[in-house]
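Please read the following briefing alongside the sequence and the coordinates. It treats strand pairing and then helix packing.

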Amino acid sequence: MLPIALTLGEAAGVALDITIAAWARRERERLPPFVFLGSAANIAERAILLGIDCPTREVEPEEAALVFPMALPCLPGFPEAKAEPGLIAREDAALTIQSIRQAAEFVADGRCSSMVTNPIAKHALNEAGFAYPGHTEYLADLGEQLFGEKRRPVMMLAGPDLRAVPVTIHVPLCEVPRLLTTELIVETGKIAAEELKRRFAISSPRIAVSGLNPHAGEKGVIGKEDIEVIRPAVDLLCQAGIEAEGPLPADTMFHPAARRRYDLALCMYHDQALIPVKALDFDHAVNVTLGLPFVRTSPDHGTAMEIAGTGRARPSSLMAALRMAAEMSRSPVQA
Ligand SMILES: NC(=O)c1ccc[n+]([C@@H]2O[C@H](COP(=O)([O-])OP(=O)(O)OC[C@H]3O[C@@H](n4cnc5c(N)ncnc54)[C@H](O)[C@@H]3O)[C@@H](O)[C@H]2O)c1
Ligand SMILES: N[C@H](C(=O)O)[C@H](O)COP(=O)(O)O
């Protein structure tokens, strides 16, 4: 059985904590096997701090599934991160990036089934010269480099109660109206619909498209984008055979009865999509990148630096991400 490649993330945050806590729950939670692409020494040290019994074993991915019931499999020789809980070490940025790339390479080489990323501190990587605002954008480039396929990466946050996709992702809010085009909305909606069919067995996904402005523009009185940019996109999605409706006022499309009418909320910007998912399902939602030539999921939360090393970090979202990656890798049609 191929393991999941689990990345290092930011060692000053809760990445090590939730990795250890998830492994410790592997039997009860029936977790798929994973191999940690980080240092065994870092895991051992954090496990002592947390008071969790967590033996490690340095193994290649091929042996990880066999070892997983007894010890947390770690990549042999992976350099030790220097961070302390809550205290970022600048030199760790290179390791964090190396781990993400290594995970994608293992999947490309058929040595791992999929990748799950631990949370990174975007500002720390940015200061170290990392040219991407997040995993999503970096992984799209790795998809091209390693698989020869470049598609638009689509971020989806998926919880038990809601799936939502932001059309624009890691961009300043003031840039959103300029970046939002009919073409971008249609392309994002098509990729999302295709992936819901292919990877999530939803045969005819229903997509609710949000407006941009209050009250979806109130017939153009409070902004024109809803009429001029978003409505034509909804029409084009419908013409492409996708069950899409909108633009819907964003403030009233997330209550329980409204959510029952669709499988995916296609939202215009990051917080419009992520706030409702995290408000409803923070502990169990998963961040999944659609449109990649490989499977990548992630917990929905960030580095939570202030609770690193305290034992207060819950591994539930990471466990949901591991399960989702395993299920998506088993989906009938592979990229
Ligand atoms: N996938 C990723 O790499 C990813 C995702 C989101 C945020 N981030 C980064 O994380 C950093 C911090 O972001 P933030 O503070 O907005 O969000 P955060 O998710 O780190 O923290 C928000 C709140 O939730 C709590 N929390 C988070 N995870 C928890 C867990 N597993 N168990 C218990 N409590 C938990 C935190 O203590 C905090 O109170 C930023 O640098 C951001 O860029 C990374
Ligand atoms: N936008 C995500 C969130 O807030 O949960 C997060 O920053 C992760 O993004 P990447 O997966 O692109 O790193």
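Which residue in β9 is the bridge partner of Ala208? In this model, which is predicted, that partner is Glu245.

- Strand β8, covering residues 206-210, pairs with strand β9, covering residues 243-248, in the parallel sense, and the pairing runs over four bridges.

**Packing of α4 with α6**
- Helix α4 (residues 93-108) packs with helix α6 (residues 135-147) at an angle of about 40°, the axes being 10 Å apart, which means that α4 is oblique to α6.
- The crossing of these two helices, α4 and α6, is right-handed.
- On the α4 side the contact is made by Ile100, Arg101, Ala104, Glu105 and Ala108, while α6 contributes His135, Tyr138, Leu139, Leu142, Leu146 and Phe147.
- Sorted by class, the residues in the contact of α4 with α6 are eight nonpolar, one polar and two charged.

**Packing of α1 with α2**
- Helix α1 (residues 15-24) and helix α2 (residues 40-50) pack with their axes 9 Å apart and at an angle of about 80°, so α1 is roughly perpendicular to α2.
- Leu16, Asp17, Thr19 and Ile20 of α1 meet Asn42, Ile43, Arg46, Ala47 and Leu50 of α2, and by class this contact of α1 with α2 has five nonpolar, two polar and two charged residues.

How values were computed:
Residues are numbered from 1 along each chain as its sequence is written. Chains are lettered from A and ligands numbered from 1 in the order in which they are written. This is a predicted model: local features need pLDDT of at least 70, side-chain atom pairs count only at pLDDT 80 or more; totals for chains, interfaces and linings use all residues. Axes are lines fitted to C-alpha atoms, for helices over the stretch in contact, and angles run from 0 to 180 degrees between N-to-C directions. Angles under 35 degrees count as roughly parallel, over 145 as roughly antiparallel, 65 to 115 as roughly perpendicular and the rest as oblique. A crossing is left-handed if the near helix is turned anticlockwise from the far one by less than a right angle, and right-handed if clockwise. Two residues are in contact if their C-beta atoms, placed from the backbone, lie within 7 Å. Ala, Val, Leu, Ile, Met, Phe, Trp, Tyr, Cys and Pro count as nonpolar, Asp, Glu, Lys and Arg as charged, and the others, Gly among them, as polar. Two strands pair if DSSP finds at least two bridges between them.
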